[in-house]
Amino acid sequence: MGRYLIPRLLESVVTFVLVTIVVFIGVRALPGDPARALAGEESTPEQLAAIRHSFGLDQPVPVQYLRYVGNALHGDLGRSSRTGLPVADSIGHALPVTLQLAVFAIAVAALIGVGAGVVAAVRRRGPAEWAANSVALLGLSVPSFWLGLMGVLVFAIAYPVLPASGYVSVFADPYESFRHLLMPAVVLGSGLAAVVMRQTRSAMIEALGTDYVRTAKAKGLSGGQVVIGHALRNSLIVVTTIVGLQLGGLISGAVVTEQIFVLPGFGKLIIDAVFTRDYPMIQGVVLVTATAYIGINLLVDLLYSVIDPRVRVGGTVL
Amino acid sequence: MTTLDVVTVDSGAETVVPGRRRALRRLLRNPLAVTGLVIVTLAVLAAVLANLVAPYPPDRTDFAAVLQPPTGAHWFGTDELGRDQLSRVLFGLRSSLLVAVLAIVVSLAVGVPLGLAAGFYRIADRVVSRFADTLLAFPFLVFAVGLAAILGPSLFTATTAIGVAGIPALIRVTRGETLRLRGLDFVSGAVADGASDPVLLWRHILPNAVNTLIVQATVAAPAAIIGEAVLSFLGLGIRPPAPSLGIMLSAAQPLFRQGPWLAVIPGICIVVVTLSLNLLGDGLRDALDPREAPR
C-alpha cells in the first residue's frame with residue numbers, strides 16, 4: 001500500500017505545483033494593467049505606483065509567485081483588485097452555492113443514472129433497456145445550457161411553477177432553496193446521469209456474467225438480492241471513479257448553469273473576474289478549483305486501489 | 001482527417017485489424033448508425049453548400065417581417081431584425097462544424113504523438129501523463145475563459161480551447177492502445193526482426209490503433225459542437241454578427257416571451273446533429289470492435 005501511496009501522493013503534489021505555476025504565469029499573460037483597471041483611466045503615475053506597491057506588483061515575478069504560494073498556504077489569497085475585498089471571503093461566499101448545486105446535481109445523476117443503468121442491464125433486449133439507452137443518448141446529445149433554456153421556457157414562463165433564477169441558501173429556507181436549485185441541478189446532472197448510466201450498465205452486465213454471481217444464484221438467493229447485494233456493489237466502484245473523472249466537466253457545467261440561472265457561485269465569480277482582469281480573484285478561484293479537483297481524484301484513486309488493486313485507473317473527460 | 005487515411009497498408013496488421021470492409025458492412029446493417037450517417041452527411045452538405053441552399057443571405061434584415069413564427073416564406077421564422085432563421089441556422093451549422101473539425105485535428109495532432117511516446121517510452125510516460133493530468137486539472141470552461149481573455153473571443157479561440165480540452169483524452173486512449181499493442185506477438189516479432197522504434201510506431205502500432213482513434217474522434221465531435229455552442233453562448237467564441245448556433249441561442253434569451261421559436265429551433269438543430277454523431281459513433285465502435293457489440 002505504502003509503495004503505491006507515496007508516489008501517488010508525490011504525483012499529486014507535482015501536479016498541484018505545476019498548476020499553480022501555469023495559473024500564475026497565465027494570469028500574467030492577460031492583457032491590460034490591473035493597477036490601471038483599479039485606479040481608473042484618470043489616475044496619475046504616482047497613484048498607479050502606489051497601487052502596484054500595495055499589491056506587490058512591483059516585485060520580480062518569482063518573488064510574487066513564492067509570496068503568493070506562501071500566503072495561500074496560510075489561507076490568504078490576496079485581495080480582489082476590483083473590490084478590494086479579500087479573495088478568500090468572496091470564494092467563501094460563492095463556494096456554498098456551487099457546492100450545493102454540485103451535490104444536488106450529483107444526487108440527481110446518481111439516482112437517474114444508476115437506476116436506469118441497473119434496469120438496462122437486468123432487462124436486456126427489452127423495451128426497458130431500449131428506453132434507458134435512448135434517454136442516455138439524449139443526455140449526451142442535448143447541450144445542458146439549451147436544456148436549461150427550455151426548462152426556463154416551460155417551467156418558468158409557459159407554466160410558471162418554478163423560479164427562473166436566483167439562489168436561496170438551504171439553511172435559510174430549505175423548501176425555497178430546493179425550488180430554486182431543482183432546475184439548475186437537473187440541467188447540470190443530466191449529462192452526468194447519461195455517463196453514469198452507460199458505465200453502470202456495462203459494469204452490471206459484466207458483473208452479472210461472473211462466477212461469483214452465478215454462485216450466489218446457485219446458493220438460492222433471489223434475483224433482487226443477487227442484483228443489489230452482489231452485482232451492483234461491485235459496479236459501484238466503477239461509478240465512483242466515473243464521477244471523480246467527470247468532476248472537471250461538472251465544474252465547467254456549473255459555470256454555464258450558474259450563468260443561465262443567475263446563481264452567485266464560482267462560475268459567475270470566475271467569468272466576472274476574467275472580464276474585469278481581477279488577477280488575485282482568477283488565481284484564487286482556479287487554485288481552489290484545481291486543489292479540490294486534484295484532491296478528489298487522489299481520494300478516488302486511493303479508494304479504488306484499496307477496493308480493487310488489480311485495476312489500473314484510466315479514463316476520459318471533456 | 002487525412003492523417004487517418006495513410007495507414008491501411010500494413011501487412012503485419014491484418015491479424016489485429018478486422019477487415020475494414022467487413023466493418024463497413026456491419027455498420028451498414030445497423031439501422032441507427034445508418035440514420036446517423038445519413039443525417040450527418042446531409043448536415044455537412046447543407047453547411048458546406050450553405051450559400052447555395054439557404055433561401056436568404058444570413059444577415060439580410062427585413063423590418064416588414066420582424067419576429068415572425070415559422071411560415072411558408074420563413075420555415076424557421078425570423079428574429080427581431082427580420083433575419084431568416086433557416087439561413088442563419090445553415091450558416092451557423094457551418095461555423096459549428098468548422099470549429100469541431102479543426103478542434104479535433106488539433107487534439108489528434110498533439111494527442112496522438114504524445115500518446116504514442118507515453119505508451120512506448122517509460123520516461124516519456126512520466127512527463128506526458130503529468131502533462132495530461134495538468135490539462136485535466138483545468139476545467140474546460142475555466143481554460144476557455146482565460147484564453148478568451150488573453151486572445152479575445154473568436155473562432156480561433158474557441159477552436160484552440162476545444163482542441164486543447166480534447167488532448168488529454170486522446171493521449172490516454174493512444175497511450176493505452178500503444179501499451180496493449182506493444183505486448184502483442186507481431187510487435188515482438190518486428191522487434192526481433194530488428195525494426196527501429198520509428199518503424200515500430202509508424203508501421204506496426206499506429207495502424208492498429210487507428211480504429212480506436214476513429215471511434216475516439218467520433219466521440220469527440222459532438223462534444224466539440226456543444227463546446228462551440230457553449231462558448232459562443234457565453235460570448236467567448238465566435239462573435240456576432242457572424243452566425244453561430246450558440247449566438248442565436250444567447251440572442252434568443254431576452255426574447256423568450258415574444259419569440260420562443262428563436263430559442264427552440266437552433267437548439268433542436270444542435271441536438272439532431274450531435275445525436276446523429278453519437279449514433280454513428282456507437283455504430284462505428286460496434287462495427288470496428290465486435291466484442292463490444294450488444295448481441
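## Confidence

pLDDT is the predictor's confidence in each residue, on a scale from 0 to 100. This is a predicted model, in which local features need pLDDT of at least 70 and side-chain atom pairs count only at pLDDT 80 or more, while totals for chains, interfaces and linings use all residues. Residues are numbered from 1 along each chain as its sequence is written, and chains are lettered from A and ligands numbered from 1 in the order in which they are written.

Chain B has a mean pLDDT of 82, with 91% of its residues at 70 or more. Within chain B, confidence is lowest in α1 (residues 2-5), at a mean of 37, and highest in α5 (residues 85-120), at 92; helices are DSSP runs of H or I, at least four residues, numbered from the N terminus. Over residues 1-17 of chain B, pLDDT stays under 50. Where pLDDT is low, the predicted coordinates should not be read in detail.

## Interface of chains A and B

The predictor gives the complex an ipTM of 0.78 and a pTM of 0.78. In the model, 38 residues of chain A are in contact with 38 residues of chain B (C-beta atoms, placed from the backbone, within 7 Å). Elements of chain A that give two or more residues to this side include α1 (2-28), α7 (144-158) and α13 (279-307).

## Helices α8 and α10 of chain B

The axes of α8(B) (residues 155-182) and α10(B) (residues 197-234) come within 9 Å and cross at roughly 160 degrees. The two helices are therefore roughly antiparallel (angles over 145 degrees). Residues of α8(B) in this contact include Gly166(B) and Glu177(B), and those of α10(B) include Gly227(B) and Glu228(B).

Terms used. Two residues are in contact if their C-beta atoms, placed from the backbone, lie within 7 Å. Axes are lines fitted to C-alpha atoms, for helices over the stretch in contact, and angles run from 0 to 180 degrees between N-to-C directions. Angles under 35 degrees count as roughly parallel, over 145 as roughly antiparallel, 65 to 115 as roughly perpendicular and the rest as oblique.
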